[in-house]
Amino acid sequence: MAAADGRSGDFRVRGGSVGGRIDRLVVENFKSYKGEQTIGPFVDFTAIIGPNGAGKSNLMDAISFVLGVRSTHLRGAQLKDLIYALDDRDKEAKGRKASVRLFYCQPNQEELCFTRSITGAGGSEYRIDRNQVTWDVYNAKLRSLGILVKARNFLVFQGDVESIASKNPKELTALLEQISGSDELRREYDELEEQKARAEEKSALVYQEKRTIVMERKQKKVQKEEAEKHLRLQQDLKLLKTEHYLWQLYTIEKDIEKIEAELVEDRESLQQVQEENRSSDYELTAKKKEQSAFLKKITLSEKSITKKKLELDKKQPELLKLKEQISRLKSKIKSCKKEIDKKKDDHKKHLGELRRLQSDLVEVTEAIEELNEQGQDTSGKLLLADDQLQEYHRM
Ligand code: ATP
Ligand code: MG
C-alpha cells in the first residue's frame, strides 16, 4: 500500500513478513476522523491522496496506534490528543473515547481484527477479535505475524529512506538488528553470555575443585589406610588390654586370696591384741588407781616436802651454825690428829726409851742381884749413891 504524502511523497505499509496484509481500518473519533469511518479495503497497492490537512498522516497514525505504537512516537504527547476534538471545549469534555480497528487478512485468507481503544479514563484497551486481552498477549500476536512494534518494521515513515541512507554501518547494523528482532535477543544474548562466562568460571572452579578433590581423595586414601591401620592397632591394643586386665584381675584375685588369709591371721592377732588390750586396760585401770594413790601420796609428800622445806629454811641458820661448828670441830680434829701423831711419835720414843730402860733395868737388876750376892757376903745391903737411887725410882 502506498500513500501520497503532501510533504515528502510515498509511504508503505508492509503486511508483515509472513505474507498477510491490512484489509481495512475502522476508525472512530480518531484525530480528524469524526465518528466511525471505514478506510479501505486496501488492495496490493493503494495510494492515498489528498490536500494538506486531509488526514493522510492521521491514517498512518491510526495504523501505528492500532499496532501498539506509543503515543509519544505518534504526533501527540498524550493519548487524549488522539481523540477527535473540534475545538478546545471538545478537548475539555469528559468521557471521550476513540478507537481504531484493523482488519488483517492472513495468508490463509482468515481475518483477524485488532482493536485499540482509548477509554474514558484515558488508558488503552486492546482486543483481538472481540476478546479483550492484555498488551502482552496483543503484542505477542502481532509478533507472531512478523509485526515488531518496537522496531516499527511495518511502516516506512516519512524521511525513513533518507535517514537510513545516511546511516553509518554501525547504525545500519543496529537498525537491521532492530528490524530483524535480533536486538530483542540482545538482553537474552548478553545474559546468556554472562551465564556462559559464569559457567566457564564455574567450570574452572569445578575443575580446580575436582583437582583439589582428587588430591584430597589421595590424601584421604592415605588417611583412610592410616585410620584402618590405626583401627587394627586399636583392636590389637584392645585385645592386649583385655589380656592385661585379665592378668591384672588374676593377680588381684591372688592378692585378694593372700590378703584374705593375712586378714584372717590379722583378725586372729587383732583378737589377741584386743584381749591383751583388754587385760592391759584392766592393768591400766589398776595402775591408774595406783597412780592416783601415788599421786595422792606425792601430793602429800609434796606437802610434807614443802613443810620440810619450810622447816629446812627455818633450820638453815642453825645449819649454818652447825656447819661452822663442824668446820671448827674439823679444824680441831685436825689439830688433835696432829697432836695424836705427835703423841704417837712421843709414844714411839717412849717405847724405845722404855725398851732401853727395860734392858737397862735388866742390867741393873742383874747388877743388883750381883751386888746383892756380893752384899750378903759383906753386910747384906746395897748402898746406892743419890743419883742412882733417883734413876732407879724413875724406872
Ligand atoms: P499534509 O499533506 O500537509 O501532510 P495531511 O493530509 O497529512 O496533510 P494530517 O496531518 O493527516 O494532514 O491532518 C492534519 C489535520 O488533522 C489538521 O487539520 C488537524 O487540525 C487535524 N487534527 C489533528 N488532530 C486532531 C484532533 N484531535 N481532532 C480533530 N482534528 C485533528
Ligand atoms: Mg501529512
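Me: What makes the meeting of the side chains of D61 and K31 a salt bridge?

Reply: A salt bridge is a side-chain nitrogen of Lys or Arg within 4 Å of a carboxyl oxygen of Asp or Glu, and for D61 and K31 the N to O distance is 2.8 Å, so the pair meets the rule. The model is a predicted one, in which local features need pLDDT of at least 70 and side-chain atom pairs count only at pLDDT 80 or more, whereas totals for chains, interfaces and linings use all residues. Residues are numbered from 1 along each chain as its sequence is written, and side-chain values use heavy atoms, with hydrogens and water left out.

Me: Why is D61 called buried?

Reply: Buried means under 20% relative accessible area, exposed over 50%, and partly exposed in between (1.4 Å probe, protein chains only). D61 has 6% relative accessibility and therefore counts as buried, and K31, with a relative accessible area of 13%, is buried too.

Me: How many salt bridges does the rule give, and which residue forms one with E111?

Reply: The count comes to 13 salt bridges. E111 forms one with R24, where the closest N and O atoms are 2.8 Å apart. This pair links distant parts of the chain, since E111 belongs to strand β6 (residues 111–118) and R24 to strand β3 (residues 21–30), 87 residues apart; strands here are DSSP runs of E with at least two residues, and helices are runs of H or I with at least four, numbered from the N terminus.

Me: What makes E111 and R24 partly exposed?

Reply: E111 has 41% relative accessibility and so counts as partly exposed, and R24, at 22%, is partly exposed as well.

Me: Why are R198 and E194 separated by about one helical turn?

Reply: The two residues are 4 apart in helix α6, and therefore about one helical turn separates them.

Me: What makes E363, E366, E369, E370 and E373 a patch of negative charge?

Reply: These five residues gather on the surface as such a patch. Patches are made of residues with over 30% relative accessible area and no salt bridge, like charges being joined within 9 Å, and Asp and Glu count as negative. E366, in helix α6 (residues 184–378), has 45% relative accessibility and so counts as partly exposed.

Conventions
Chains lettered and ligands numbered in written order. Patch = residues over 30% accessible without salt bridge, like charges linked within 9 Å, V, L, I, M, F, W, Y side chains within 5 Å. Areas by Shrake-Rupley, 256 points an atom, 1.4 Å probe, with all protein chains shown as cover. Charge placed at Lys NZ, Arg CZ, Asp CG, Glu CD.
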